[in-house]
Amino acid sequence: MQRRDFLHYLSAGAAVGMMAPFGNVLAAGSVTMPGNTGANGRVVVIGGGMAGTTVAKYLRLWGGTGVQVTLVEPNPSYISNIFSNKVLTGERTLTQLTYKYGTLTSKYGVKLITKSVVAIDPTGQQVLLNDGSKLPYDRLVIAPGIAFDALPMSGTAAAQAKVVHAWQAGAQTTSLQTQIKAMTKTDTFILTIPAKPYRCPPGPYERACVVADYLTRTAKTKGAKVVVLDANPGIQAEVENFTNAFKNIHKNITYVPSAAITSIDANTGMVNTSAGSFKGKVINAIPPHKAGKIITDNPLLASAGGRWAGVNVLSYESNTVPNIHIIGDAAATTQPKAGHVANAEAKVCADAIVHLLRGEAVNPSPMTNSACYTPITNKTASWLSVVYRYDSASGTMLPTGNGVTESSGINAKNHEEMLKWFSNLMSDTFA
């Protein structure tokens with residue numbers, strides 16, 4: 001199998017085949033919904049992102065009529081973080097990255113509740129919503145994504161409001177786009193990268209590339225600079241491709257490793273780090289990450305250093321609280337925090353829950369995958385891929401074969417394949 005075919009195989013529904021599903025995935029837009037598979041129970045899913053939506057869909061697709069699935073998500077739609085860097089350069093709009101839950105409810109029979117969760121009662125096995133109602137569960141899946149630490153920042157409220165991370169697509173994405181468009185050829189764009197783990201390992205370097213490309217292609221900003229202040233000792237993903245991009249493609253990028261933020265003066269645009277001080281017109285500061293608030297507010301769930309949820313990756317059940325599963329970015333695993341991985345983890349979790357509801361053992365050797373394309377310019381891209389398999393000795397997911405592999409070059413063909421990859425992934429999650 002050729003590498004490109006392998007990436008196509010990994011994207012979208014192919015990971016299903018690794019886990020012996022209870023239903024059949026057919027051609028796009030066509031599914032076979034099973035009857036009663038012997039699995040019976042109420043599953044509540046908190047969070048409608050890549051992980052939560054996928055697990056809700058596949059619980060119904062594989063669990064059959066006996067599995068009742070309720071998705072609790074306060075927002076009426078989801079805005080993809082994947083491709084949101086292209087919104088900054090005007091190549092995409094937030095509307096094009098917005099996905100609704102209509103298919104999830106109409107085709108798969110998931111009940112959607114647009115409320116917020118205020119508390120979880122693990123003893124009584126129920127979820128308390130902000131309208132005072134309660135949802136009982138037999139299994140609870142939590143997929144809250146990430147939250148951020150506060151940055152050490154000073155300045156007026158108005159100045160601080162302009163220092164955004166835009167690491168969750170939405171209003172901050174629009175704000176950053178506006179600031180970039182207002183730059184001139186003498187200005188500097190500063191991007192800060194937090195120490196790992198953070199969402200989407202190649203994402204910040206991708207952002208540096210697409211912004212640098214935009215500044216070079218736009219007449220009034222040609223000559224503007226991009227400074228990347230990385231708290232990590234070096235590039236965290238696609239080392240060869242990003243090193244090449246920074247040195248040979250985007251000559252307007254200055255990359256500074258081991259540059260942890262010590263303070264930001266929003267009034268002057270000065271960013272002080274362990275590697276020196278840097279001044280910019282636009283400051284895109286990405287704070288350190290942690291699990292979503294619903295996890296960190298519950299010390300029992302935040303069993304990995306108080307910041308992440310410790311889980312058993314055979315089922316993603318909490319290491320400390322029974323019948324509660326945590327998937328996606330909030331879980332502490334050896335896998336990267338990224339949308340494609342969240343989709344894959346959700347399928348392992350869904351498969352495990354269906355087995356558990358049938359009184360059966362879970363799959364003892366699950367596999368997940370991470371396939372990711374990265375735009376380097378508006379017409380070229382690169383990629384990385386890795387397949388993980390459960391390792392019983394360590395109780396973790398470890399890379400198979402050659403481990404993480406990156407494309408041998410940056411080219412237009414990869415950019416074409418990237419569009420297909422994204423379409424397949426989002427279809428597998430929301431369609």
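**Close-up views of a predicted model**

**View 1. The loop around asparagine 323.** Asparagine 323 lies in the loop between strand S23 (317–318) and strand S24 (324–326), where strands (E, at least two residues) and helices (H or I, at least four) are DSSP runs numbered from the N terminus. The model is predicted, so that local features need pLDDT of at least 70 and side-chain atom pairs count only at pLDDT 80 or more, while totals for chains, interfaces and linings use all residues. Residues are numbered from 1 along each chain as its sequence is written, and side-chain values use heavy atoms, with hydrogens and water left out. With a relative accessible area of 18%, asparagine 323 is buried (under 20% relative accessible area; exposed is over 50% and partly exposed in between, with a 1.4 Å probe and protein chains only). Leaving aside residues up to four places away in sequence, asparagine 323 touches Gln125, Tyr137, Asp138, Arg139, Leu140 and Glu317, contact meaning heavy atoms within 4.5 Å.

**View 2. The surroundings of histidine 250.** Histidine 250 is found in the loop between helix H8 (239–249) and S16, and it counts as buried because its relative accessibility is 3%. Not counting residues up to four places away in sequence, the residues touched by histidine 250 are Cys209, Ala212, Asp213, Ala245, Ile376 and Thr377.

View 3. Four strands, in the order S16-S15-S14-S20, form an open sheet with parallel pairing; two strands pair if DSSP finds at least two bridges between them. Strand S16 (253–256) and strand S20 (282–285) are the edge strands, each pairing on one side only. Strand S14 (residues 188–193) pairs with strand S15 (residues 225–230) in the parallel sense over 6 bridges, and the bridge partner of isoleucine 193 in S15 is aspartate 230. Helix H7 (residues 203–217) packs on the sheet and touches S14, S15, S16 and S20, its direction making about 170° with that of S15 (axes are lines fitted to C-alpha atoms, for helices over the stretch in contact, and angles run from 0 to 180 degrees between N-to-C directions).

**View 4. A stacked ring pair.** The structure holds 10 aromatic pairs, in which rings of Phe, Tyr and Trp (its six-membered ring) have centres within 6.5 Å, with planes under 30 degrees apart counted as stacked, over 60 as edge-to-face and the rest as tilted. The rings of tyrosine 99 and phenylalanine 430 are stacked, because their centres are 5.2 Å apart and their planes are at 20°. Both tyrosine 99 and phenylalanine 430 are buried.
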